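Subject: Structure handover

Hello,

Here is the structure I said I would pass on. Please open it first, then read the notes below it.

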Amino acid sequence: MKHTHLIWKELATKQVYQCRVFSVRDTTSEAPDGTKSVFSVIDAPDWAIVIPLLENTAGRHFLMVRQWRHGSRSLSLEFPGGVLEEGEAEEAGAQRELTEETGYRAGSIIKLGEFSPNPAIMSNRVHVFLAKDLT
């Protein structure tokens with residue numbers, strides 16, 4: 001089933017804000033019933049999240065990092081990750097973020113999947129990786 005009766009048609013778009021990390025555009029769209037509305041969309045690069053599996057004599061553990069996050073105004077405990085650079089392969093970006101944030105390098109990096117972080121207002125994708133054989 002294609003659900004074509006749910007598809008909106010984009011009529012116009014205008015960028016209203018841009019900064020180093022993202023831009024915002026207002027999009028005028030028409031619903032299948034002809035109703036027109038304006039929606040704000042955040043355009044940002046894709047990013048990668050890495051779930052590092054650290055195996056040593058103490059057992060198997062996930063490696064996480066603490067970082068200050070300005071949005072929440074707090075320290076956050078999270079898996080390493082970050083924005084993919086323009087033209088960078090997803091796996092290469094995941095490996096780079098792992099090394100930048102933890103100092104570890106993965107002998108094996110496996111893509112687990114990808115998803116839209118907030119498809120209602122964001123246009124980008126998040127790529128999730130499992131990192132194994134850390135050195």
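The buried residues of α1 are G93, A94, Q95, R96, E97 and L98, where buried means under 20% relative accessible area, exposed over 50% and partly exposed in between (1.4 Å probe, protein chains only). Helices (H or I, at least four residues) and strands (E, at least two) are DSSP runs, numbered from the N terminus.

Before going further, note that this is a predicted model, in which local features need pLDDT of at least 70 and side-chain atom pairs count only at pLDDT 80 or more, while totals for chains, interfaces and linings use all residues. Residues are numbered from 1 along each chain as its sequence is written, and side-chain values use heavy atoms, with hydrogens and water left out.

The helix

The cover over the buried residues of α1 includes β4, β8 (81-83), β9 and β10. The expected span of a helix is 1.5 Å times one less than its number of residues. For the 13 residues of α1 this gives 18 Å, and its end C-alpha atoms are 18 Å apart, so the two agree.

E97 sits in helix α1 and counts as buried because its relative accessible area is 7%. Its side chain makes a polar contact with the side chain of R96 at 3.0 Å. A polar contact is a pair of N or O atoms within 3.5 Å; within protein, one must be able to donate a hydrogen and the other to accept it, and residues adjacent in sequence count only if both atoms are side-chain atoms. Leaving out residues up to four places away in sequence, E97 touches P80, G81, G82 and V83, contact meaning heavy atoms within 4.5 Å.

After the helix

Just after α1, G103 has a positive phi of about 85 degrees. Y104 lies in the loop between α1 (90-102) and β9 (106-115). Is Y104 buried or partly exposed? Y104 is partly exposed, because its relative accessible area is 27%. Beyond residues up to four places away in sequence, Y104 touches L54, L63, L98, T99, L134 and T135.

The cores

A nonpolar core is a set of buried Ala, Val, Leu, Ile, Met, Phe, Trp, Tyr and Cys residues joined through side-chain atoms within 4.5 Å. The largest one has ten residues: A48, V50, L54, L84, A94, L98, A106, F129, A131 and L134. Another core, of five residues, lies apart from it and includes L53, V126, V128 and L130.

Regards
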